[in-house]
Amino acid sequence: MFYLLQGNNYKDMKQYPLAERAYRKAYAMMPNRIYPLYQLMLLYQVSGQRGKMRQMARKILEFRPKVPSPATREIKSKAKEVL
């Protein structure tokens, strides 16, 4: 959770490379969570990296959550909109 918050702070400060690093670290520590991937997708959208954004959206759609929930369904729905 710490790295997600750190990534959000860096994103708010427009420090996109540092935000990406924090989100990737969060995903490396919690590979069974979809939320760090979602944050990366949003980061790429904000920073204008459309190719990476679509690539992350595909990864989100391929992700199989351990426990499906309304939140994971919403994240997947937003990833579909990106594609």
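Which helix does Val82 lie in?

1. Val82 lies in helix H5, which spans residues 70-82. Helices here are DSSP runs of H or I with at least four residues, numbered from the N terminus. This is a predicted model, in which local features need pLDDT of at least 70, side-chain atom pairs count only at pLDDT 80 or more, and totals for chains, interfaces and linings use all residues. Residues are numbered from 1 along each chain as its sequence is written, and side-chain values use heavy atoms, with hydrogens and water left out.

2. Stay with Val82. Leaving aside neighbours within four places in sequence, Val82 is in contact with Met41, Met53, Arg54 and Ala57. Contact means heavy atoms within 4.5 Å. Val82 and Leu42 are 40 residues apart in sequence, and their C-alpha atoms are 9.9 Å apart in space.

3. Now the helix pairs. Two packed helices are described by the angle between their axes and the distance between the axes. Axes are lines fitted to C-alpha atoms, for helices over the stretch in contact, and angles run from 0 to 180 degrees between N-to-C directions.

4. Take H2 (residues 16-29) and H3. They pack at about 165°, with axes 9 Å apart. H2 is therefore roughly antiparallel to H3, a label for angles over 145 degrees. On the H2 side, the contact includes Tyr16, Tyr23 and Tyr27. On the H3 side, Leu37, Leu40 and Tyr44 are among the residues. By class, this contact has 11 nonpolar, 1 polar and 2 charged residues. Nonpolar covers Ala, Val, Leu, Ile, Met, Phe, Trp, Tyr, Cys and Pro; charged covers Asp, Glu, Lys and Arg; the others, Gly among them, are polar.

5. Next, H3 (residues 35-46) and H4 (residues 50-62). Their angle is about 160°, and their axes are 8 Å apart. H3 and H4 are therefore roughly antiparallel to each other. Residues that meet include Leu37, Met41 and Tyr44 in H3, and Met53, Met56 and Ile60 in H4. The classes here are 9 nonpolar, 1 polar and 3 charged.

6. Finally, the largest pocket holds about 200 Å³ of space. A pocket is an open set of points on a 1 Å grid over the protein atoms alone, where a 1.4 Å probe fits, with protein on both sides within 12 Å along at least five of seven lines; lining residues have an atom within 4 Å of a point. Volume is the space filled by probe spheres set on the points, which are joined across faces, edges and corners. The lining includes Asn32, Tyr35, Phe63 and Ile75. H5 gives the largest share, 3 residues. By class, the lining has 7 nonpolar, 3 polar and 2 charged residues.

Methods. Helices (H or I, at least four residues) and strands (E, at least two) are DSSP runs, numbered from the N terminus. Angles under 35 degrees count as roughly parallel, over 145 as roughly antiparallel, 65 to 115 as roughly perpendicular and the rest as oblique.
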